[in-house]
Amino acid sequence: MNLPNRLTLFRIVMIPAVVLVYLFPYAQFGIELQVFTVGAVRLSTVNIICLALYGAAAITDFLDGRIARSRNIQTTFGKFADPVADKMLTSTMFILFASKGIISVVPVIIMVCRDIIVDGCRMIAAANGKVVPAQSLGKVKTVSQMLTIALILLNNLPFEVWQLPVSDVLLWFSAFVSFASGMSYFNQLKEDIFESK
């Protein structure tokens, strides 16, 4: 297995690690976690650890594709697993936040449903021998989601000090871009989707 594929697998393996750290019942085991205060904003050690793990996983997203293209070692597994790993990681983080009541579940539903629809469209296109390249809106969505997750884990620091709801704005922006890019993929492939044989 080549290096890009290993990096993709590393990103997938990091998902249960982040979930474990985030949801572990520390109090039940008598574990007291340090809490840092920045102004009036409290930041848990759990969030800092999750941010470090998520950051490491997100970096592999940048590296695996770059290495594969520069060394011309793109594989079928990589083309399949790389976008799946991205969606698994971001969707898991947003679902964790929603489960804790930190964010609204509505934008999470929009983003998850978009990913399911786009994957379905791509499967239909692949069955017809078409390769669907990544769109610029999809790339904007990914960057926006990554920034949103990082800000939520940081409790919106440093913007929370000035009471600017940047993480909330980015969350809804990510949902909007997700919806827009999903519609773009759907319109691009609607002839294949509604094709009758």
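Here are some notes on this predicted model, going from the overall layout to a few local details.

1. **Ground rules.** This is a predicted model, with local features needing pLDDT of at least 70 and side-chain atom pairs counting only at pLDDT 80 or more, while totals for chains, interfaces and linings use all residues. Residues are numbered from 1 along each chain as its sequence is written, and side-chain values use heavy atoms, with hydrogens and water left out.

2. **Layout.** The protein has 6 helices and 2 strands, in the order α-β-β-α-α-α-α-α from the N terminus. Both kinds of element are DSSP runs numbered from the N terminus: H or I over at least four residues for helices, E over at least two for strands. The C-alpha trace spans about 60 × 35 × 30 Å along its principal axes.

3. Of the 197 residues, 38% are buried. Buried here is under 20% relative accessible area, exposed is over 50%, and partly exposed is in between, using a 1.4 Å probe and protein chains only. Take the contacts (heavy atoms within 4.5 Å) between residues at least 6 apart in sequence: 77% of them join residues at least 24 apart.

4. **The cavity.** How many cavities of 30 Å³ or more does a search of the whole structure find? The count is 1, and the largest cavity has a volume of about 40 Å³. A cavity is a set of points, on a 1 Å grid over the protein atoms alone, where a 1.4 Å probe fits but cannot get out; lining residues have an atom within 4 Å of a point. Grid points are joined across faces, edges and corners, and the volume is the space filled by probe spheres set on the points.

5. **Its lining.** Thr90, Ser91, Phe94, Val108, Met111, Val112, Asp115 and Gln145 line the largest cavity. Helix H3 (76-99) and helix H4 (105-127) are the elements that give two or more residues to this lining, and H4 gives the most, with 4 residues. By type, the lining residues divide into 4 nonpolar, 3 polar and 1 charged.

6. **Helix H5.** H5 has 18 residues and reaches 26 Å from its first C-alpha to its last, close to the 26 Å expected at 1.5 Å a residue. That expected span is 1.5 Å times one less than the number of residues. Buried residues in H5 include Gly138, Lys141, Gln145, Ile149 and Ile152. Gln145 also turns up in the lining of the largest cavity.

7. Most residues other than glycine have a negative phi, and most peptide bonds are trans. Just after H5, Asn155 takes a positive phi of about 55 degrees; Asn155 is partly exposed, at 29% relative accessibility. Gln163, in the loop between H5 and H6, has a positive phi near 60 degrees and is exposed, with a relative accessible area of 68%. Worth a look as well is the cis peptide bond joining Leu157 and Pro158, with omega about 0 degrees. Pro158 sits in the loop between helix H5 (136-153) and helix H6 (166-193).

8. **Cysteines.** The structure holds 0 disulfides (pairs of cysteine sulfur atoms within 2.5 Å). Cys50 is buried, at 0% relative accessibility, whereas Cys113 is partly exposed, at 37%.

How values were computed: 1 Å grid on protein atoms, 1.4 Å probe; cavity = no way out; pocket = protein on both sides within 12 Å on 5 of 7 lines; lining within 4 Å. Nonpolar A, V, L, I, M, F, W, Y, C, P; charged D, E, K, R; others polar.
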